[in-house]
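Here is a short tour for anyone who likes to follow a fold strand by strand. Have the viewer open and read along.

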Amino acid sequence: GGPMNIDLRGMFVRCVAGVGLLAATAMIGDGRLAGAAAAGKAESAVADWPEPSRLMALAMIEKHGQPDRRSDDALTWFGLYRGRRTVVHRTSSRGDVVEQVVLYRVPAAKAGAVALLDPRIKANRDASELSARTESVKTSFLLLNLAHEVASGFRDVAAAQEFRDRQVRLANTGKSSRYRESLIFEAPLPLVLPAGEKAP
């Protein structure tokens with residue numbers, strides 16, 4: 001009877017060990033699947049977007065990670081590029097899928113001039129926001145920098161529009177410009193961010 005008991009006990013121990021190993025393997029497998037699903041959330045959300053917005057969204061995810069906010073129509077990152085938020089929109093009337101928003105209160109006396117500069121620029125004085133919605137982050141930088149120059153009186157509207165067009169032509173030949181690389185002005189307001197937003 002003794003040897004049989006030992007064998008049974010050994011089989012029992014091996015079975016328990018095997019079940020434990022299977023359970024551990026399953027947990028690791030589930031963890032990997034869960035991680036992959038979490039990482040692919042925004043990518044999955046934009047799978048059926050039109051090509052320009054889908055490609056822009058995927059490029060932004062690759063560069064900056066998952067968005068801070070996601071909806072069926074937009075992905076939003078807070079605090080990129082010293083801005084308040086960067087939004088990739090699903091739809092647009094003319095390919096303007098990227099919206100860059102900065103904290104900026106346009107002086108009342110210059111609001112009309114900024115509005116005339118380019119229809120893709122919007123000034124929201126109530127929210128102290130200035131935004132540009134274009135086909136790329138770089139073009140949004142260009143328009144925001146020029147809006148600041150118009151708002152501060154450095155250029156008039158005609159000169160800013162001429163400079164904008166020249167910058168676009170240069171960009172098309174492959175030349176870079178600091179106006180298209182980043183915001184070249186300091187935020188003229190103290191940053192008071194709503195809960196959940198990251199300071200630039």
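This is a predicted model: local features need pLDDT of at least 70, side-chain atom pairs count only at pLDDT 80 or more; totals for chains, interfaces and linings use all residues.

## Strands around S6

Strands S5 and S6 are antiparallel and are joined by 4 bridges. The hairpin that they form has 4 residues between the strands, and serine 128 there takes a positive phi near 55 degrees.

S6 also pairs with strand S4 (residues 98–103), again in the antiparallel sense, over 6 bridges. Glutamate 99 has its bridge partner in S6, namely arginine 133. How many of the 6 residues of strand S6 are buried? The number is 5, so this strand, residues 129–134, is largely enclosed by the rest of the structure.

## The nonpolar core

The largest nonpolar core holds 36 residues, and Leu75, Val114 and Leu130 have the most contacts inside it. Two or more residues come from each of helix H3 (51–64), strand S2 (74–78), S4, H4, S6, helix H5 (137–151) and helix H6 (157–172). H5 gives the most, with 9 residues.

Leaving aside residues up to four places away in sequence, leucine 130 touches Gln100, Val101, Val102, Tyr104, Val106, Val114, Ile121, Lys122, Ala123, Leu144 and Ala147.

## Helix H5

Is H5 mostly buried or exposed? Of its 15 residues, 13 are buried, so H5 is largely enclosed by the rest of the structure.

At 1.5 Å a residue, the 15 residues of H5 should span 21 Å, and the end C-alpha atoms are 21 Å apart, so the two values agree. Just after H5, glycine 153 takes a positive phi of about 85 degrees.

## A buried aspartate

Where is aspartate 118 placed? Aspartate 118 lies in the loop between helix H4 (111–117) and strand S5 (121–124). Its relative accessible area is 3%, and because buried means under 20%, aspartate 118 counts as buried.

Which residues does aspartate 118 touch, not counting those up to four places away in sequence? They are Leu143 and Arg164.

Definitions and conventions. Residues are numbered from 1 along each chain as its sequence is written. Side-chain values use heavy atoms; hydrogens and water are left out. Buried means under 20% relative accessible area, exposed over 50%, partly exposed in between (1.4 Å probe, protein chains only). Contact means heavy atoms within 4.5 Å. Two strands pair if DSSP finds at least two bridges between them. A nonpolar core is a set of buried Ala, Val, Leu, Ile, Met, Phe, Trp, Tyr and Cys residues joined through side-chain atoms within 4.5 Å. The expected span of a helix is 1.5 Å times one less than its number of residues.
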